[in-house]
Amino acid sequence: IGNSQWMDQHHVLEKLNVQAQMCIVNNSDEFVLEALNDFEKIPVLVNELLVLDAWKQKVLPEIFDELAEKNNVKTYFVLYNEALLIGLLEKAFFHVHIMKGAGECLIDLADYCYRRLMFLCQPDLSQKIADSVNEGRQIDIKATSSIDHSKALFNQRLEVDFGVAMSAISLVRSMSESADELPLGVMSRLMDENDVLMSLVPLLESAPWKRRNKDGKFEKFSDGRWHVVEGDDVLRLSKPEAQVWLCLYHLMLSPACQQRYDWDDFKKNNALRARKFMTEVLMDQLPVLSDLARFLDQLSLSAPPQASKGALLISQVPELWESIMSGTDWKSARRDTRNNIANASKEDRMEEMKKLADVYGANNFEEFMGDPKCSKCGQPAEQRCSRCKLEWYCSRECQVASWKEHKTLCNTLHEASKIQAV
């Protein structure tokens with residue numbers, strides 16, 4: 001992770017992700033997703049996702065401060081690679097035939113998604129992230145203190161992890177919706193070993209996809225960023241919230257899931273906690289939930305349904321994850337990370353800056369863009385950042401308000417463009 005070949009792969013993933021998104025938006029031929037399936041690259045994406053997750057557990061904590069101080073920009077792009085990987089998988093899994101092509105590695109992906117759901121179940125998570133980020137923005141980006149760099153990188157990691165976890169909800173929804181077409185081991189991991197149903201109801205209660213900003217206004221998370229909502233939009237379902245409700249619908253009502261799930265009184269009482277959120281406003285937006293409401297009403301008055309018991313129970317283990325965790329020399333991995341990121345030569349860093357300018361330069365994304373939106377408030381925008389030419393704003397006020405957040409990336413891309421020009 002972090003060497004020149006890995007960074008080249010990161011840049012390719014970025015371009016694939018953008019192209020796949022534009023194909024969806026324009027309702028055109030989704031050739032990127034089909035190519036990933038035809039060339040059997042979905043298992044490769046899952047494997048890379050697991051490798052990065054293991055790296056974050058085994059390598060990053062040991063050398064976090066060193067990476068933050070010596071090369072926090074490149075470390076951020078390593079962390080951001082997880083968002084690219086899960087973003088591609090999220091788009092691909094809207095097609096059942098592509099998801100089925102992942103095969104047995106879906107078992108490892110089910111475990112990965114469960115770990116991300118556990119991250120989201122932390123109390124007041126979104127508000128804590130907002131408070132931490134707002135506090136970190138008071139730090140001068142040019143400060144040389146290692147504590148300042150570590151705090152800035154920590155906040156960036158929090159924001160990336162939060163976005164990744166939101167995408168994981170979508171993956172769980174896709175897998176639960178197609179439960180009868182996936183390998184038996186996948187639903188076994190989701191419903192037996194991990195019991196994601198038990199974690200989805202607490203998510204409805206904590207609602208990490210909404211928060212209040214420092215001005216007291218409501219914000220909701222959708223399409224990878226926070227948006228201010230006012231008036232009737234406060235009651236409108238955000239995409240992550242809708243995904244959670246659809247997960248609950250399929251996990252409770254799908255015949256394949258009902259035959260497997262082993263109810264007891266504790267699980268029954270946990271599921272019934274979701275009933276109080278099922279208002280008329282919610283039902284109007286997701287009419288299919290009326291069936292779920294009837295199921296929960298029946299569940300409250302009767303004994304929970306019993307799963308079908310077979311003569312032999314066999315549970316598959318997540319082979320990819322086990323091989324990564326047990327078959328990797330983590331001491332060597334930490335040494336390689338230091339060499340590739342923290343101790344990279346000046347020449348290597350200049351070359352990486354050129355590649356960043358080549359990938360993230362505004363000209364590369366012009367053909368993919370629709371009408372530009374303000375990166376601060378989401379309104380139609382006509383003004384662009386004059387330095388990096390990547391972010392758009394509707395007004396001078398929005399540009400000033402978002403500068404502290406945008407400054408690090410803007411400076412990086414500006415320096416990269418100057419190096420590329422030379």
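Me: What makes α10 and α11 a crossing pair, and at what angle do they cross?
Reply: The axes of α10 (residues 196–206) and α11 (residues 239–253) come within 10 Å and cross at roughly 145°. Axes here are lines fitted to C-alpha atoms, for helices over the stretch in contact, with angles from 0 to 180 degrees between N-to-C directions. The crossing is left-handed. Among the residues making the contact are L200 and L204 of α10 and W245 and L248 of α11; contact means heavy atoms within 4.5 Å. The contact divides into 12 nonpolar residues, no polar and no charged.

Reply: A word on the source: this is a predicted model, where local features need pLDDT of at least 70 and side-chain atom pairs count only at pLDDT 80 or more, while totals for chains, interfaces and linings use all residues. Residues are numbered from 1 along each chain as its sequence is written, and side-chain values use heavy atoms, leaving out hydrogens and water.

Me: Why is α13 called oblique to α15?
Reply: Happy to check! The axes of α13 (residues 265–272) and α15 (residues 289–301) cross at roughly 140°. That makes α13 oblique to α15, since angles under 35 degrees count as roughly parallel, over 145 as roughly antiparallel, 65 to 115 as roughly perpendicular and the rest as oblique. K268, A271 and L272 in α13 meet L296, L299 and S300 in α15.

Me: Why is α6 described as largely enclosed by the rest of the structure?
Reply: Because 13 of its 16 residues are buried, α6 is largely enclosed; buried means under 20% relative accessible area, with a 1.4 Å probe and protein chains only.

Definitions and conventions:
Helices (H or I, at least four residues) and strands (E, at least two) are DSSP runs, numbered from the N terminus. A crossing is left-handed if the near helix is turned anticlockwise from the far one by less than a right angle, and right-handed if clockwise. Ala, Val, Leu, Ile, Met, Phe, Trp, Tyr, Cys and Pro count as nonpolar, Asp, Glu, Lys and Arg as charged, and the others, Gly among them, as polar. Buried means under 20% relative accessible area, exposed over 50%, partly exposed in between (1.4 Å probe, protein chains only).
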